[in-house]
Amino acid sequence: MKIIADLHTHTLASSHAYSTITENCEIARDRQLKVIALTDHAPLMPDAPHEWHAANQYVLPQTIRGVCVLKGIEADIVNTDGDLDIPDYVIGKLQWIVASFHEPLFPPLSADDHLAAIENVCKNSLVDVFGHLTASGYPFDYSEAAKLFTKYDKIVELNEASIRSGATKKINAVRLFEACKKEGVKIAVDSDAHYCERIGDFSAVCEILNEVKYPEELIISTDFDYIINRVNQNHPSAPKIEMTAMRG
Ligand SMILES: [Zn+2]
Ligand SMILES: [Zn+2]
C-alpha cells in the first residue's frame with residue numbers, strides 16, 4: 001500500500017505549530033507524497049490565525065515543490081447542531097474541510113450529544129473528514145456513527161499525532177475502525193503534523209491499520225484521483241483542480 005496524501009497538516013499560522021507551508025511541501029515531496037491539505041485552525045481556536053488566513057489561501061499556487069496543496073481548514077464543531085466556526089464568506093472558497101471536536105470550543109458532553117453533533121456535521125455537504133474522532137473524552141456509539149459516515153459519504157481519519165500524544169487510546173481507535181470497516185466507511189491516514197518532519201509519518205496509525213486489516217480500497221490516502229475528484233465535486237465554489245495538470 002502506498003500512501004500519497006497527508007490531508008491534515010498545520011503550519012506556523014496555527015501558533016502551536018512550527019513550520020512553513022514550503023517546509024511542509026519539501027518534506028512531502030521528499031517522502032513521495034502527491035497531495036497535502038493545509039488545515040490550520042479555524043478562527044475560534046485560541047491559537048488560530050485571523051479568518052483572512054483561511055480566506056486568502058487562493059494566492060497560493062495549486063502546486064508547491066511539486067506537491068498538490070489543498071487549501072483547507074480544521075474547523076471546530078461548536079455545538080450539537082453541528083455548527084462550525086468558519087465564516088460563510090470563507091467556507092465556499094475552501095477545497096478541504098476537516099471537522100474536529102476541540103475542548104475549548106466543545107467541552108465533552110454525553111455520548112448521545114456527541115453522536116447528535118456528528119450526525120448534524122454529516123449533513124453539511126462541505127465537510128470532508130472528521131478529525132481525531134477517538135480522542136479521549138468524546139465517546140459515542142461507533143456502530144451508529146459508522147452508519148452515518150457511509151450514508152453521508154464522510155471520511156474518518158486515523159490521526160498519527162493523536163495516537164502518538166496519547167490523546168487517543170489505541171483501543172478506541174481499533175474499535176472505531178472495526179465499526180467503520182463493517183459499514184464500508186472511507187478513511188484517511190493523516191499526520192496532523194505540527195512540524196515539517198512529521199509530514200507523511202504514519203508509523204503509529206499503520207500499526208492500527210494492520211491490526212484492523214482495513215480494506216485498501218477504502219483508504220482514500222492511496223488514491224490521487226479520488227481525492228482530486230472529491231475536491232472538484234464537493235467544493236463547487238472553490239478553485240477547480242485540473243487533474244491532467246496535476247498528473248504532470
Ligand atoms: Zn485537532
Ligand atoms: Zn490538527
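Q: Which residues of helix α9 (residues 224-234) are buried?

A: First, the conventions. This is a predicted model, in which local features need pLDDT of at least 70 and side-chain atom pairs count only at pLDDT 80 or more, whereas totals for chains, interfaces and linings use all residues. Residues are numbered from 1 along each chain as its sequence is written, chains are lettered from A and ligands numbered from 1 in the order in which they are written, and side-chain values use heavy atoms, with hydrogens and water left out. Buried means under 20% relative accessible area, exposed over 50%, and partly exposed in between (1.4 Å probe, protein chains only). Helices (H or I, at least four residues) and strands (E, at least two) are DSSP runs, numbered from the N terminus. In α9, the buried residues are F224, I227, I228, R230, V231 and N232.

Q: With what is R230 in contact, leaving aside its neighbours within four places in sequence?

A: Contact means heavy atoms within 4.5 Å. By that criterion R230 touches W96, V127, D128, D153, K154, I155 and H235. The relative accessible area of R230 is 3%.

Q: Which residues are the protein donors of the zinc ion (ligand 1)?

A: Donors are N, O and S atoms within 2.8 Å of the metal (3.2 Å for Na, K and Ca); water is not among the atoms, so sites may look incomplete. Here E74 (OE), H102 (NE2) and H132 (NE2) lie 2.1 to 2.2 Å from the zinc ion (ligand 1). Their spacing along the chain is E-x27-H-x29-H. E74 in strand β4 (residues 67-76) and H132 in the loop between β6 (129-130) and α5 (142-151) are 58 residues apart, so this pair links distant parts of the chain. The relative accessible area is 1% for E74 and 12% for H132.

Q: Why is the site of the zinc ion (ligand 2) classed as irregular?

A: Four donors count as tetrahedral if all angles lie between 85 and 135 degrees; four count as square planar and six as octahedral if opposite donors are over 155 degrees apart and all others between 65 and 115; anything else is irregular. The angles among the four donor atoms of the zinc ion (ligand 2) are 80 to 167°, and the site is irregular. Those donors are H8 (NE2), H10 (NE2), E74 (OE) and D192 (OD), at 2.0 to 2.3 Å.

Q: How far apart are the two zinc ions, and which residue coordinates both?

A: The zinc ions (ligand 1 and ligand 2) are 3.4 Å apart, with E74 coordinating both.
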